[in-house]
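Work through the exercises below with the sequence and the model side by side. Try each task before reading its solution.

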Amino acid sequence: MARAIYPGSFDPMTRGHLDVARRAAAIFGEVVIAVGSNPTKRPLFTLEERLDMARRETSDLPNVRVEPFDGLLVDFVRREAPAVVLRGLRTVAEFDSEFQMSLMNRAACAEVETLFILPSAEFAFHSAHLIKELAAGGADLSPFLTPAVATRLKARMAEKEGA
Ligand code: PNS
């Protein structure tokens, strides 16, 4: 049974992430959504909140499991071996950094293979970062987030404004 690890910060889980997770679940025997931390980003949601959203949003996918990870991705992949790493590739601009990350991971652990999957074209320009900017400005989030995630993001933005 082939297993794919789909890592990310999922801050929060977007419709684009869900699209990738669904596509992966149709291809692989098991998909592990690995919720971690990107050292270059400060998350808006705690790890527990991000895990909870990812679990709720994928609860209809029986072969998807959501797990936290900290430290290096390659160490998590080793613990879940045999498994490949799966990343969504949205734009050409993203290719460089994804290429670099994949080869750095391979340099750190020779057995780690990274595969890329393309999201549906309608999600190709979505990013969690830009969605947060739209949320801060009060835009309609329905094209980007499920209603449950949109509600949580709006609430978090309101808390931040009040703070
Ligand atoms: O959703 P993101 O922010 O693009 O996810 C990036 C993430 C969390 C997958 C990446 O930052 C990561 O793997 N972090 C764990 C630390 C690590 O292994 N760093 C080495 C990268 S070559």
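**Exercise 1. Which residues of helix α2 are buried, and what do they pack against?**

Solution. Start with the burial list: E49, R50, L51, M53, A54 and E57 are the buried residues of α2. Buried means under 20% relative accessible area, exposed over 50%, and partly exposed in between, with a 1.4 Å probe and protein chains only. Next, find the partners. These buried residues pack against α1, β2, β3 and α6. Contact means heavy atoms within 4.5 Å. Helices (H or I, at least four residues) and strands (E, at least two) are DSSP runs, numbered from the N terminus.

Before going on, note the ground rules. This is a predicted model, in which local features need pLDDT of at least 70, side-chain atom pairs count only at pLDDT 80 or more, and totals for chains, interfaces and linings use all residues. Residues are numbered from 1 along each chain as its sequence is written, and side-chain values use heavy atoms, with hydrogens and water left out.

**Exercise 2. Describe how α2 packs on α6.**

Solution. Two packed helices are described by the angle between their axes and the distance between the axes. Take α2 (residues 47-57) and α6 (residues 147-162): their axes come within 10 Å and cross at roughly 160°. That makes α2 roughly antiparallel to α6. Angles under 35 degrees count as roughly parallel, over 145 as roughly antiparallel, 65 to 115 as roughly perpendicular and the rest as oblique. Axes are lines fitted to C-alpha atoms, for helices over the stretch in contact, and angles run from 0 to 180 degrees between N-to-C directions.

Now the hand. The crossing of α2 and α6 is right-handed. A crossing is right-handed if the near helix is turned clockwise from the far one by less than a right angle, and left-handed if anticlockwise.

Then list the residues. From α2 come E49, D52, M53, R56 and E57; from α6 come A148, V149, R152 and R156. By class, this contact has 3 nonpolar, no polar and 6 charged residues. Ala, Val, Leu, Ile, Met, Phe, Trp, Tyr, Cys and Pro count as nonpolar, Asp, Glu, Lys and Arg as charged, and the others, Gly among them, as polar.

**Exercise 3. Describe how α5 packs on α6.**

Solution. Helix α5 (residues 128-136) packs on α6 at an angle of about 65°, with the axes 10 Å apart. The crossing of α5 and α6 is right-handed. In α5, I131, K132, A135 and A136 make the contact; in α6 they meet L153, M157 and E161. The contact of α5 with α6 divides into 5 nonpolar, no polar and 2 charged residues.

**Exercise 4. Give the strand order of the sheet and find its edges.**

Solution. The open sheet has 5 strands in the order β3-β2-β1-β4-β5, and the pairing is parallel. The edges are β3 (64-68) and β5 (114-117); each has a single partner strand, so one side of each is left without a neighbour in the sheet. The twist averages 30° from one strand to the next.

Now check the pairs. Two strands pair if DSSP finds at least two bridges between them. β1 (residues 3-8) and β4 (residues 84-88) pair over 2 bridges, with A4 opposite V84. β1 and β2 pair over 6 bridges. In that pair R3 stands opposite E30, and Y6 stands opposite I33.

**Exercise 5. Is β1 enclosed or open, and what lies across the sheet strands?**

Solution. Count burial: 6 of the 6 residues of β1 are buried, so this strand is largely enclosed by the rest of the structure. R3, I5 and P7 point one way, and A4, Y6 and G8 the other way. Helix α1 (residues 15-27) lies across β1, β2 (30-35), β3, β4 and β5, at about 115° to β5. α2 lies across β2 and β3, at about 180° to β3.
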